[in-house]
Amino acid sequence: MSGHAAFDRLKAGEAARRRDFGLEARRAALRALAASIRAHEAEIMAALAQDLRKPAVEVRLTEIVPVLAEIRHTLHHLRGWMRVRRVRPTLAMLGTRARLRPEPKGTTLIIAPWNYPLSLSLGPLVSALAAGCAAVVKPSEMAPATAALIGRIVADLPEGLAEVVEGGVEVATELLAQPFDHMFFTGSPEVGKVVMAAAAKHLGSVTLELGGKSPVIIGPGADLTRAARMIAWGKFANAGQTCIAPDHVFVPRTLQEPFLTALRDQIAAMYGADPQTSGSFARIINARHVARLAGLLDDARAHGAELVQGGDLREDDLYLAPTVLTRTTPDMAVETEELFGPILPVIAYDDLAAVIARVNAGPKPLALYVFEKDRDLIETVTRDTSSGAVGVNVTLAHYLHLNLPFGGIGNSGLGAAHGIWGFRAFSHEKPVLEDRFSSLALLMPPYGSAKERLARLVQKILG
Ligand code: NAD
């Protein structure tokens with residue numbers, strides 16, 4: 001189906017959805033989605049093995065669980081989120097009654113990336129359905145097996161709530177030309193700008209879940225073993241192709257060697273002596289990205305970076321070993337571009353203030369991680385930097401906390417996903433004001449000296 005036809009089909013049902021797609025119908029749709037995901041479990045495993053050689057445990061924990069948990073959380077809270085809330089009148093509005101009524105934005109578009117191709121397509125769909133919206137879902141063409149499967153999963157939903165349109169840039173461009181009421185985009189900051197510009201043409205709203213370089217700051221009082229374990233896990237899960245993966249690490253110069261030793265131990269413990277033979281290590285999405293990562297490594301090494309771990313690259317297997325670099329410099333591409341692969345620069349520092357200044361000089365990251373025991377240092381880093389989220393002595397896990405909004409700021413995104421924030425992304429909180437016995441009529445024309453005195457009195461009281 002073309003993007004145009006998918007939009008028209010869902011838009012045509014909007015009036016009926018406003019009327020009929022209430023709490024129970026939304027719950028039924030979410031239950032149908034959960035049931036379909038469960039029914040397709042084996043196919044999900046197979047599709048993600050095909051697209052990314054994603055280990056089954058990672059598929060379960062990062063593709064299936066997040067969507068099912070989002071559905072469970074939503075089923076539990078939806079009644080409360082949908083509740084029409086009374087709002088107390090202000091002094092000026094005495095004699096009125098006001099309420100806030102969340103209404104569905106309407107017909108929406110979800111565009112997803114390839115790195116978590118299932119959960120980043122279906123997670124936003126949960127929020128769209130919860131809010132009472134219909135959605136066209138465009139999965140990433142770079143994970144084709146998963147994209148096709150998403151079509152089959154979504155086909156199990158009740159008619160008229162979602163359409164899956166497969167394809168690449170051309171298809172996405174056609175979709176972006178449709179006057180969707182909301183566009184929920186997950187992907188790179190570059191394409192995020194394209195989406196925002198397209199939405200501006202018809203003043204549609206956007207949620208932009210973008211990427212960038214998420215730094216790790218290790219403090220002088222960090223537990224290095226714990227830091228190394230968390231960083232190795234966060235960095236090398238899905239072969240580093242995670243939007244909130246630690247991109248690079250700042251470590252006090254005096255701790256660099258012990259940290260590198262701890263990191264090496266953790267990588268060996270997780271992936272063995274030869275990660276290529278490990279069943280726990282995913283592959284790079286395609287040859288183009290292998291070449292991109294090879295280019296980053298070549299550039300770094302040509303300019304004096306030291307390879308302290310990994311670097312092993314097998315194009316025919318789309319494999320790049322967990323790789324650690326030191327002696328990188330700010331002019332190298334590894335320090336300027338989002339790495340989005342299993343390459344970890346470890347940068348020694350002498351002065352924390354300079355690290356904070358450097359983080360603040362760049363685009364605002366999606367996540368910032370700090371490893372430290374000292375509360376004051378944690379507070380300093382948290383207060384003095386700006387990022388989508390902060391992880392303290394942990395990586396990645398804030399993504400799974402459904403009572404926290406997930407999103408970026410500035411270059412890393414706009415708006416938020418998950419739980420009630422996902423619901424709000426697809427909702428308009430509509431104020432409804434009802435007059436009962438307000439004194440507004442006293443202020444209406446014709447104006448004379450009495451009204452003038454009254455206006456002055458109003459100013460005195462309210463102004
Ligand atoms: P991408 O921006 O290249 O593609 C994302 C989607 O946009 C795909 O469906 C693609 O078909 C479509 N697209 C590509 N070019 C387009 C264009 N010119 N016009 C319209 N649509 C277009 O991103 P990707 O390579 O799939 O994913 C990697 C990026 O996504 C990284 O930057 C990563 O950090 C980010 N990301 C962010 C999150 C998050 O939740 N914030 C999650 C995962 C990935």
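**Figure 1. Two domains of one chain.** In this predicted model, 31 Å separate the centres of domain 1 and domain 2, taken over C-alpha atoms. Domain 1 covers 3–210 + 410–430, and domain 2 covers 215–400; such bounds come from an automatic or database domain assignment. To their contact, domain 1 brings 17 residues and domain 2 brings 22 residues, where contact means heavy atoms within 4.5 Å. About 1800 Å² is buried between domain 1 and domain 2, and carbon and sulfur atoms give 55% of that area. Buried area is the accessible area (1.4 Å probe) that two parts lose on being put together, summed over both.

Before you go on, here is how to read the legends. Residues are numbered from 1 along each chain as its sequence is written, and side-chain values use heavy atoms, with hydrogens and water left out. Because the model is predicted, local features need pLDDT of at least 70 and side-chain atom pairs count only at pLDDT 80 or more, while totals for chains, interfaces and linings use all residues.

**Figure 2. A look at the interface between the domains.** How many salt bridges are there between domain 1 and domain 2? The count is one; a salt bridge is a side-chain nitrogen of Lys or Arg within 4 Å of a carboxyl oxygen of Asp or Glu. Look also for the side chains of R53 and D317, which meet in a salt bridge at 2.4 Å, N to O. Nine residue pairs, both at pLDDT 80 or more, are in polar contact across the interface of domain 1 and domain 2. A polar contact is a pair of N or O atoms within 3.5 Å; within protein, one must be able to donate a hydrogen and the other to accept it, and residues adjacent in sequence count only if both atoms are side-chain atoms. On the side of domain 1 that touches domain 2, the elements giving two or more residues are α4 (41–52) and α5 (56–82). Helices (H or I, at least four residues) and strands (E, at least two) are DSSP runs, numbered from the N terminus. Of these elements, α5 gives the most to that side, with three residues. The residues of that side of domain 1 divide into nine nonpolar, four polar and four charged. Here Ala, Val, Leu, Ile, Met, Phe, Trp, Tyr, Cys and Pro count as nonpolar, Asp, Glu, Lys and Arg as charged, and the others, Gly among them, as polar.

**Figure 3. Q276 and its neighbours.** You will find Q276 in the loop between α11 (256–271) and α12 (287–302). Its side chain makes a polar contact with the side chain of R314 at 3.0 Å. Leaving aside residues up to four places away in sequence, Q276 touches R283, R314, D317 and Y319.

**Figure 4. A six-stranded open sheet.** Follow the strands in the order β5-β4-β3-β6-β7-β17, which form an open sheet with mixed pairing. Why is one side of β5 and of β17 left without a neighbour in the sheet? β5 (162–164) and β17 (413–414) stand at the edges and each has a single partner strand, so one side of each has no neighbour there. Two strands pair if DSSP finds at least two bridges between them. Strand β7 (residues 205–209) and β17 run antiparallel and are joined by two bridges; L208 has L414 in β17 as its bridge partner.

Figure 5. R9 and E163 form a salt bridge, with their closest N and O atoms 3.1 Å apart. This pair links distant parts of the chain, as R9 sits in helix α1 (residues 3–12) and E163 in strand β5, 154 residues apart.

**Figure 6. Strand β2 and its partners.** Strand β2 (residues 96–104) pairs with strand β1 (residues 85–87) in the antiparallel sense over three bridges, and the bridge partner of R85 in β2 is L100. Nine bridges join β2 to strand β18 (residues 427–435), also antiparallel. Within β18, E434 stands opposite R97.

Figure 7. T336 is in helix α13 (residues 333–336). The C-alpha atoms of T336 and G212 are separated by 9.5 Å, although these residues are 124 residues apart along the chain. In the loop between β16 (389–392) and β17, N393 has a positive phi of about 60 degrees although it is not a glycine. The peptide bond from P445 to P446 is cis, with omega near 5 degrees; P446 lies in the loop between β18 and α17 (449–462).
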